[in-house]
Amino acid sequence: MNESYEHLIRIIKQRRSIFPASYLSKEIPEELLLQVLESANYAPTHKLSQPWRFTVLTGAAKTRLGEELGRIYKETIPEERFMQKKYDGFAVKTSQAAAIIAIGVQFHPDKLPEWEELASVACAVQNMALTAESLSLGGYWSSPPLIAHLGDFLDLGSDEKCYGLFYLGYHQEESRSANRTPMTEKIRWMKE
């Protein structure tokens, strides 16, 4: 096999979601964060709309995000369903990450359907996850319903929307095998 393919497929197969509870208390240098983000910029994009928009939160901004998520949770959840543990968890989770990247989409309704923009952003996030893996960083794309209320906090434009939070951190998790069914069960060949 070709060496580039072997290297790429190894990274693809090793990539796992590594959750903030597993992160070490160690900052990620800005240069590495930029490498992760730069790889996102090479995702497929129809009509070169490049719809991905990212907000990087580190330091006190992570604390503010945790507080904001808690506030939104408290304001939007019915009182009888409120759970203190969940409320407290927002601050804990955001403090465990070395960096959090808010995943945004800038839509171009005059050019493209929404699903194409979302597909491009998902490809960009996959590039980020693979790059994080190659840099020995753990990554996790979280998309709680509360992100729909982060527009003001993230200063999003009227044509932008948040589709998740990508948590990053160093970790010491052991590599584990992917839980996937065989690809042959998901392919249908049409030859005539």
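This is a predicted model: local features need pLDDT of at least 70, side-chain atom pairs count only at pLDDT 80 or more; totals for chains, interfaces and linings use all residues.
Local features need pLDDT of at least 70 and side-chain atom pairs count only at pLDDT 80 or more, while totals for chains, interfaces and linings use all residues. Residues are numbered from 1 along each chain as its sequence is written, and side-chain values use heavy atoms, with hydrogens and water left out.

**View 1. Helices H3 and H4 cross at roughly 160°.** The axes of H3 (residues 60–76) and H4 (residues 84–96) come within 8 Å, where axes are lines fitted to C-alpha atoms over the stretch in contact and angles run from 0 to 180 degrees between N-to-C directions. The two helices are therefore roughly antiparallel to each other, a term for angles over 145 degrees. Lys62, Leu65, Gly66, Leu69, Gly70, Arg71, Tyr73 and Lys74 in H3 meet Lys86, Tyr87, Phe90, Ala91, Thr94 and Ser95 in H4, contact meaning heavy atoms within 4.5 Å. These residues divide into 6 nonpolar, 4 polar and 4 charged, with Ala, Val, Leu, Ile, Met, Phe, Trp, Tyr, Cys and Pro counted as nonpolar, Asp, Glu, Lys and Arg as charged, and the others, Gly among them, as polar.

**View 2. Helix H1 packs against helix H5 at an angle of about 100°.** The axes of H1 (residues 3–14) and H5 (residues 114–134) lie 9 Å apart, and the angle makes H1 roughly perpendicular to H5, a term for 65 to 115 degrees. Ile11, Ile12 and Gln14 in H1 meet Leu130, Glu133 and Ser134 in H5, and this contact divides into 3 nonpolar, 2 polar and 1 charged.

**View 3. The largest pocket holds about 220 Å³ of space.** On a 1 Å grid over the protein atoms alone, a pocket is an open set of points with protein on both sides within 12 Å along at least five of seven lines, and lining residues have an atom within 4 Å of a point. Of the 14 lining residues, the closest to the pocket centre are Gln14, Glu133, Ser136, His171 and Ser175. H1 gives the largest share of this lining, 3 residues, and the lining as a whole divides into 3 nonpolar, 5 polar and 6 charged.

**View 4. The largest cavity has a volume of about 30 Å³.** A cavity is a set of grid points where a 1.4 Å probe fits but cannot get out. Arg53, Thr55, Ala102, Ile103, Gly104, Leu154, Leu156 and Cys162 line this space, and strand S2 (99–106) gives the most, with 3 residues. The lining divides into 5 nonpolar, 2 polar and 1 charged.

Note on methods:
Grid points are joined across faces, edges and corners, and a volume is the space filled by probe spheres set on the points. Helices (H or I, at least four residues) and strands (E, at least two) are DSSP runs, numbered from the N terminus. Angles under 35 degrees count as roughly parallel, over 145 as roughly antiparallel, 65 to 115 as roughly perpendicular and the rest as oblique.
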